[in-house]
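Q: Could you take me through this structure feature by feature, telling me how to read each one before we look at the case at hand?

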Amino acid sequence: MPSENATAPGGAPVTLYLLHALGASARSFDRLAERLDGRVRVEGIDLPGFGSLATASDSSLDGSVDHVITHLARHARGRWVLGGHSMGGKIAALVASRVLRGDAPLVGLAGMVLMAPSPPRPEPMDEERRQRMLSWVADGAISEADAETFVDQNTAEPLDTPAHDLAREDLGRTAPAAWRAWLETGSRVDASTDVGTLDLPTLVLAGTDDDDLGAAAQPGLLASVYPRARFVTLDDTGHLIPFERTSEAAEAIAHFVDDEVLPGPVIPDDWATLIAGDRVDARVRGILNLRAVPDDRGYAPSVLDVAQLTLLREIADLVVPQDGPPIDLAARVDAQLARGEGDGWRNADLPPDPEAYRAGLDTLSGVWPTDPTAREEVLRAAIEGTTDADGPLDAARLKLWLEDARNDLVRQWLAHPASMARVGYDGFATGGSPMRGYVELRLGRREDWEPAGVGGTVTTGDAA
């Protein structure tokens with residue numbers, strides 16, 4: 001479904017907000033932004049105590065998370081991706097968890113891009129090295145010599161002069177308090193419980209020459225946090241990926257966005273604003289945000305087999321034809337079956353839902369044509385109970401099962417917030433604190449808080 005803000009400024013279809021590493025700044029992503037111009041819009045965010053915010057008073061982990069959420073609430077529109085490099089990866093995970101829970105006033109998070117990220121759990125770090133790095137700020141800002149040491153220790157090969165100078169400059173202007181806050185506290189915090197599992201499309205880039213957060217370590221650190229993670233190994237690369245492998249990182253990000261982030265409909269801006277606002281309960285916002293996450297292009301069915309899932313997708317195309325980027329309704333039904341969820345009702349002549357789906361699809365597969373133009377007639381006959389299909393379900397029970405299946409497919413479509421916008425349903429926006437309702441419930445009347453297009457406004461009396 002089209003959105004007024006389906007493309008980010010500059011013509012890119014999505015914006016990637018990136019959080020920098022320890023001792024770096026938003027400027028470390030400038031080269032990446034240039035390489036991705038027109039394909040993905042990149043915006044770095046300075047964290048408290050670093051870059052342009054070196055004088056910020058609160059550089060704690062919680063303070064950094066709050067700062068990022070405030071920035072995103074002001075700027076993030078349409079579909080966007082969150083990412084982080086090293087230290088920024090842990091902060092990004094905490095921000096994403098709040099978005100998916102609905103605790104942040106944000107809508108549109110569609111994926112994660114992580115570069116040698118610090119994990120939600122305590123970061124693996126040699127204690128001697130930690131103490132040596134802390135000694136660099138014992139008497140004030142990091143010296144040029146210590147900055148040089150840091151850059152050399154975190155790169156596989158020497159950086160070009162502009163990148164080297166920028167890295168050293170950012171280290172030199174880092175606030176000592178922020179440097180200590182991360183090394184003494186932030187990196188040691190176990191935020192695994194707060195973050196939980198983030199079921200988002202995720203790209204993880206890591207180098208082979210990174211000691212603690214490299215390619216060999218990342219799957220063990222992150223696989224349980226990001227079940228949809230795509231791990232990409234960068235050879236002959238240390239820790240400073242944005243400087244060392246700008247081109248490779250840009251290409252990986254562009255392909256990831258095309259493959260994993262862009263599929264599926266976009267929530268129109270006015271509806272996203274409503275969902276993010278104080279009329280919507282945090283729990284409801286979290287549910288809607290999860291439903292809006294792009295479907296897994298490599299989804300592996302849990303209840304159905306691959307052939308059954310393929311057939312259910314073809315049935316879904318007939319039951320709920322979708323224009324624009326489609327929702328994978330069949331995969332969502334399979335996931336619903338795996339969770340044991342449903343509408344709480346089934347016909348007494350049918351077995352439990354998982355068994356009924358397998359039996360119904362196996363029965364229908366015997367007469368299902370390969371020619372797409374012939375499928376509508378076959379499905380209609382099965383719906384009307386006149387099919388000659390021979391399988392686990394007879395014609396009468398196949399008809400009953402298709403009633404349930406069609407209901408499930410339509411429910412999955414309507415549950416997506418972009419679909420709610422399309423049909424003009426905003427009944428989810430009656431919560432918040434204090435709870436809010438409608439002033440009037442009349443056909444064609446739109447209250448001031450409702451998105452445009454729902455109907456005429458109550459106050460101006462311009463209802464149709």
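**Reading the chain**

A: The chain has 19 helices and eight strands, and what we are looking at is a predicted model. Along its principal axes the C-alpha trace spans about 85 × 55 × 35 Å.

Q: How much of the chain counts as buried, and how far apart in sequence are the residues that its contacts join?

A: Burial is read from the relative accessible area, with under 20% counting as buried. Of the 464 residues of this chain, 53% fall in that class. As for the contacts between residues at least 6 apart in sequence, 76% of them join residues at least 24 apart.

Q: How should I read the buried residues of a helix, and which residues of α4 are buried?

A: The general idea is that an α-helix has 3.6 residues a turn, so residues three or four places apart point the same way. In α4, which runs over residues 127-135, the buried residues are Arg130, Met133 and Leu134. Seen down the axis of α4, these buried residues fall within an arc of 100 degrees, so they line one face of the helix. Their cover includes α5 (144-153) and α7 (176-184).

Q: What caps the N-terminal end of α4?

A: Here one looks for a side-chain atom placed by a backbone atom at the end of the helix. In this case the cap is Asp126, which has a side-chain oxygen 3.2 Å from the backbone nitrogen of Glu128.

Q: How many residues of α12 are buried, and what do they pack against?

A: Helix α12, residues 269-276, is mostly covered, since six of its eight residues are buried. They are Asp269, Trp271, Ala272, Leu274, Ile275 and Ala276, and these buried residues pack against α13 and α19 (417-423).

Q: Where does Asp190 lie, and which residues does it touch?

A: Asp190 lies in the loop between α7 and α8 (192-195). Not counting residues up to four places away in sequence, Asp190 touches Pro120, Arg121 and Pro122. The C-alpha atoms of Asp190 and Glu123 are separated by 8.7 Å, although the two residues are 67 residues apart along the chain. Asp190 also takes part in a polar contact of 2.7 Å, which joins its side chain to that of Ser192.

Q: How much space lies in the largest pocket, and which residues line it nearest the centre?

A: The largest pocket holds about 900 Å³ of space. Its lining is made up of 23 residues, and those nearest the centre are Leu290, Arg332, Ala335, Arg339 and Gln412. The elements giving two or more residues to this lining are α13 (282-292), α15 (329-339) and α18 (395-415), with α15 providing the largest share, five residues. By kind, the lining divides into eight nonpolar, five polar and ten charged residues.

Q: How many cavities of 30 Å³ or more are found, and what lines the largest cavity?

A: A search of the whole structure finds five cavities of 30 Å³ or more, and the largest cavity contains about 140 Å³ of space. It is lined by 17 residues, with Arg79, Pro265, Val266, Ile267 and Ala292 nearest its centre. This lining comprises ten nonpolar, four polar and three charged residues.

Q: Which element supplies the largest share of the lining of the second largest cavity?

A: That element is α6, with four residues. The second largest cavity has a volume of about 120 Å³ and is lined by 14 residues, among them Gly23, Ala24, Ala167, Leu240 and Phe243, which lie nearest its centre. At least two lining residues come from each of α5, α6 (161-172) and α10 (241-244). The lining divides into ten nonpolar residues, three polar and one charged.

Note on methods: Residues are numbered from 1 along each chain as its sequence is written. This is a predicted model: local features need pLDDT of at least 70, side-chain atom pairs count only at pLDDT 80 or more; totals for chains, interfaces and linings use all residues. Side-chain values use heavy atoms; hydrogens and water are left out. Buried means under 20% relative accessible area, exposed over 50%, partly exposed in between (1.4 Å probe, protein chains only). The arc is that of the directions from the helix axis to the C-beta atoms. Contact means heavy atoms within 4.5 Å. A polar contact is a pair of N or O atoms within 3.5 Å; within protein, one must be able to donate a hydrogen and the other to accept it, and residues adjacent in sequence count only if both atoms are side-chain atoms. On a 1 Å grid over the protein atoms alone, a cavity is a set of points where a 1.4 Å probe fits but cannot get out, and a pocket is an open set with protein on both sides within 12 Å along at least five of seven lines; lining residues have an atom within 4 Å of a point. Grid points are joined across faces, edges and corners, and a volume is the space filled by probe spheres set on the points. Ala, Val, Leu, Ile, Met, Phe, Trp, Tyr, Cys and Pro count as nonpolar, Asp, Glu, Lys and Arg as charged, and the others, Gly among them, as polar.
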